[in-house]
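Here is a short briefing to keep beside the model while you look around.

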Amino acid sequence: MGTFCSVVKFENLQELKRLCHWGPIIALGVIAICSTMAMIDSVLWYWPLHTTGGSVNFIMLINWTVMILYNYFNAMFVGPGFVPLGWKPKNSQDSVYLQYCKVCQAYKAPRSHHCRKCNRCVMKMDHHCPWINNCCGYQNHASFTLFLLLAPLGCIHAAFIFVMTMYTQLYNRMKIILRNKTSIESWIEEKAKDRIQYYQLDDDFVFPYDMGSRWKNFKQVFTWSGVPEGDGLDWPVREDCHQYSLTIEQLKQKADKRVRSVRYKVIEDYSGTCCPLNRGIKTFFTSPCTEEPRIRLQKGEFILATRGLRYWLYGDKILDDSVLEGVSRIRGWFPRNCVEKCPCDTETDQAPEGEKKNR
């Protein structure tokens, strides 16, 4: 508590000017960028927040940031401690052993030195640090050292998250390339299996562009010339498929989506913001990482949800006839806790596509 008071009760408000220097601006900018990106990265990609490991990982990131900033501001604003102006030793005879500072009009206490930047004699002065725009000395030596210790540890943790995220993305990318797919096509194939299982059909969907060889699939993307094979319109397909096998499946899924969409009623207004703070911390941090729009909702409106995440749903707003003129479909993401499933759909309709998947 005493340290907190010493931070708040500056010798004077001029201490705030220490922030207006290239050192603190760069240091705080790096801390803010690294911390923010690591937190966003950990929430959206590496270790989902709803898992135990993800929660621990996120708490550790916040802990690093808080401790780093606490020690940084402690070192900056508490300062090293200055020899009082006009200071003299208690025993006047001891002054013969001390240097006299003409600027401070005082004797230099043992282990103190005059700092030309601070224009004061600093107790147990180590050096003047441009990154905190203050001296390191008697009162802030521990805080400054802890900052130097915690900052690299926090950076190592953030770097680990960045590396694992890039590795995960690279692994997933190479996995679909070796199967001659794209991310969307992998999703279409997954939905095809779900559709066949749901309707208990005897069909078996076969992805038409998988050449049966990882090397052949690899060469569809990577070539020595750097130019992909083909013209981008016609593609080589498996012997048991034809050029339109995938598009036929897409048409079937689109028709099926209309049948299996779930009707929801809006119970609370939603402004359409990307990361709404008033919808809960989990909704805020699990906002879909996509450029797809969010839609504004008003209480009493109806939505046809076609897919969803743990805390978000995606669907089309059901418009009145008076609104339909000159207006195309209004669709996008909205928080799950803004709506409730219509009673008439509770028993008959299935969950929106992807709803059971955890983020």
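What follows is a brief overview and then some notes grouped by topic.

This is a predicted model, in which local features need pLDDT of at least 70 and side-chain atom pairs count only at pLDDT 80 or more, while totals for chains, interfaces and linings use all residues. Residues are numbered from 1 along each chain as its sequence is written, and side-chain values use heavy atoms, with hydrogens and water left out.

**The chain as a whole**

- The secondary structure comes to ten helices and eleven strands; these are DSSP runs numbered from the N terminus, with helices being H or I of at least four residues and strands being E of at least two.
- Of the chain's 359 residues, 36% count as buried. Buried means under 20% relative accessible area, exposed means over 50%, and partly exposed lies in between (1.4 Å probe, protein chains only).
- The chain exposes about 22,600 Å², and carbon and sulfur atoms supply 59% of that area. Accessible areas come from the Shrake-Rupley method with a 1.4 Å probe, and for residues only the protein chains shown count as cover.
- Take the contacts (heavy atoms within 4.5 Å) between residues at least 6 apart in sequence: 63% of them join residues at least 24 apart.

- Helix H4 covers residues 141–177, and its 37 residues reach 54 Å from the first C-alpha to the last, close to the 54 Å expected at 1.5 Å a residue. The expected span is 1.5 Å times one less than the number of residues.
- The buried residues of H4 include Ser-143, Phe-144, Phe-147, Gly-154, His-157 and Ile-161.
- Those buried residues of H4 pack against helices H2 (22–44), H3 (52–78), H5 (183–198) and H6 (214–219), and also against strands S5 (127–129) and S6 (134–136).
- H2 has 23 residues and reaches 32 Å from its first C-alpha to its last, close to the 33 Å expected at 1.5 Å a residue.
- Among the buried residues of H2 are Gly-23, Pro-24, Ala-27, Ile-31 and Asp-41. The buried residues of H2 pack against H3, H4 and helix H8 (281–285).

**Strands S9 and S10**

- Strand S9 (residues 312–317) pairs with S10 in the antiparallel sense over five bridges; two strands pair if DSSP finds at least two bridges between them.
- Within this pairing, Leu-313 stands opposite Phe-334 in S10.
- Strand S10 (residues 331–335) is mostly covered, with four of its five residues buried.

**Aromatic rings**

- The model has 13 aromatic pairs. Rings of Phe, Tyr and Trp (its six-membered ring) pair if their centres lie within 6.5 Å; planes under 30 degrees apart count as stacked, over 60 as edge-to-face and the rest as tilted.
- Phe-73 and Phe-77 make a stacked pair, at 5.9 Å centre to centre with 5° between the planes. They are four residues apart in helix H3, so about one helical turn separates them.
- Phe-73 is partly exposed at 26% relative accessibility, whereas Phe-77 is buried at 9%.
- Phe-284 and Phe-285 form an edge-to-face pair, because their ring centres are 5.0 Å apart and their planes stand at 85°. Phe-284 is partly exposed at 23% relative accessible area, and Phe-285 is partly exposed at 25%.
- Tyr-72, Phe-73, Phe-77 and Phe-147 form one aromatic cluster.

**Cysteines**

- The structure holds zero disulfides, a disulfide being a pair of cysteine sulfur atoms within 2.5 Å.
- Cys-136 is in no disulfide, and the nearest cysteine sulfur, that of Cys-129, is 7.7 Å away. Cys-136 counts as buried at 1% relative accessibility.
- Cys-342 is buried too, with a relative accessible area of 4%.

**Two loop residues with positive phi**

- Asn-180 is not a glycine, yet it has a positive phi of about 60°. Asn-180 lies in the loop between H4 and H5 and counts as buried at 13% relative accessibility.
- Gln-200, also not a glycine, has a positive phi of about 50°. Gln-200 sits in the loop between H5 and H6 and is exposed, with a relative accessible area of 69%.
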